[in-house]
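Visitor: I am new to this structure and would like to learn how to read it. Could you walk me through it, one feature at a time?

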Amino acid sequence: MPIYEFKCGEGHLAERHLPMSSEQREIECPDCGQMARRIISAPSVRRTDSKIASAVEATQKSAHEPAVVNSLPASGNRRATPVSRNPQHAKLPKP
Ligand SMILES: [Zn+2]
């Protein structure tokens with residue numbers, strides 16, 4: 001439920017958790033008892049680390065639209081697959 005802010009004629013601010021479908025525009029001010037009107041204020045948006053945000057975005061995007069790649073990802077300092085030179089290993093079945 002979002003938090004709505006209300007301000008009375010005396011300038012007191014009050015907050016209420018109300019459902020988004022709520023049409024309540026006035027509440028009783030908890031400080032002075034006058035009617036306080038709902039005011040428009042900036043939404044509270046949490047800031048997320050950019051790496052986490054891009055990972056979440058990529059995950060959500062790939063769920064509906066898988067990325068098409070034309071090459072293997074860069075292999076940095078990846079080790080080569082070891083190859084045995086033992087002649088007995090040549091007789092083993094290949095995967
Ligand atoms: Zn008040």
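Visitor: What does strand β1 pair with over 5 bridges?

Guide: β1, made of residues 3-8, pairs with β2 in the antiparallel sense over those 5 bridges. Among the opposite positions, I3 stands across from H17 in β2, and E5 stands across from E15 in β2.

Visitor: How many residues lie between the strands in the hairpin of β1 and β2?

Guide: There are 4 residues between them, and G11 in this hairpin takes a positive phi near 95°.

Visitor: And how many bridges pair β3 with β4?

Guide: β3 and β4 have 3 bridges, again in the antiparallel sense. One of the facing pairs is E28 with M35 of β4. The hairpin of β3 and β4 has 6 residues between its strands, and G33 there has a positive phi near 85°.

Visitor: What is the order of the strands in the sheet?

Guide: Reading across, the order is β2-β1-β4-β3, in an open sheet of 4 strands with antiparallel pairing. At the edges are β2 (13-17) and β3 (26-28), each of which pairs on one side only. From one strand to the next, the twist averages 40°.

Visitor: In what order do the elements run from the N terminus?

Guide: They run β-β-β-β-α, which comes to 1 helix and 4 strands in the protein chain.

Visitor: How far does helix α1 reach from its first C-alpha to its last?

Guide: Helix α1, residues 50-64, has 15 residues and reaches 22 Å, close to the 21 Å expected at 1.5 Å a residue.

Visitor: How many residues of α1 are buried?

Guide: The count is 0 among its 15 residues, so α1 is hardly covered; a residue needs 20 or more other C-beta atoms within 10 Å to be called buried. Take Q60, which sits in helix α1.

Visitor: Why is Q60 counted as exposed?

Guide: Q60 is exposed because it has 10 other C-beta atoms within 10 Å, and the cut-off for exposed is 12 or fewer. Q60 and E5 are 55 residues apart in sequence and 33 Å apart in space, C-alpha to C-alpha.

Visitor: Is M1 buried or exposed?

Guide: M1 counts as exposed because it has 9 C-beta neighbours inside 10 Å. Its place is in the segment before β1.

Visitor: Which residues does M1 touch?

Guide: Leaving aside residues up to four places away in sequence, M1 touches H17, L18 and P19. M1 and H17 are 16 residues apart in sequence, and their C-alpha atoms are 5.9 Å apart in space.

Visitor: What is the radius of gyration of the protein chain?

Guide: The protein chain has 30 Å, whereas a compact globule of 95 residues would have a radius of gyration near 12 Å. Along its principal axes, the C-alpha trace spans about 95 × 25 × 25 Å. Buried residues make up 4% of the 95 residues. Turning to contacts between residues at least 6 apart in sequence, 33% join residues at least 24 apart.

Visitor: Which elements have the lowest and the highest mean pLDDT?

Guide: The general idea comes before the values: where pLDDT is low, the predicted coordinates should not be read in detail. Among the elements here, α1 has the lowest mean pLDDT (84), and strand β4 (residues 35-39) has the highest (95). For the protein chain the mean is 85, with 96% of its residues reaching 70 or more.

Note on methods
Residues numbered from 1 in each chain as written. Predicted model: local features only at pLDDT ≥ 70, side-chain atom pairs only at ≥ 80, totals over all residues. Pairing = 2+ DSSP bridges. Helix = DSSP H or I, 4+ residues; strand = E, 2+ residues; numbered from the N terminus. Axes fitted to C-alpha atoms, helices over the stretch in contact; angles between N-to-C directions. Expected span 1.5 Å × (residues − 1). Contact = placed C-beta atoms within 7 Å. Rg over C-alpha atoms; globule rule 2.2 N^0.38 Å. pLDDT = per-residue confidence, 0-100.
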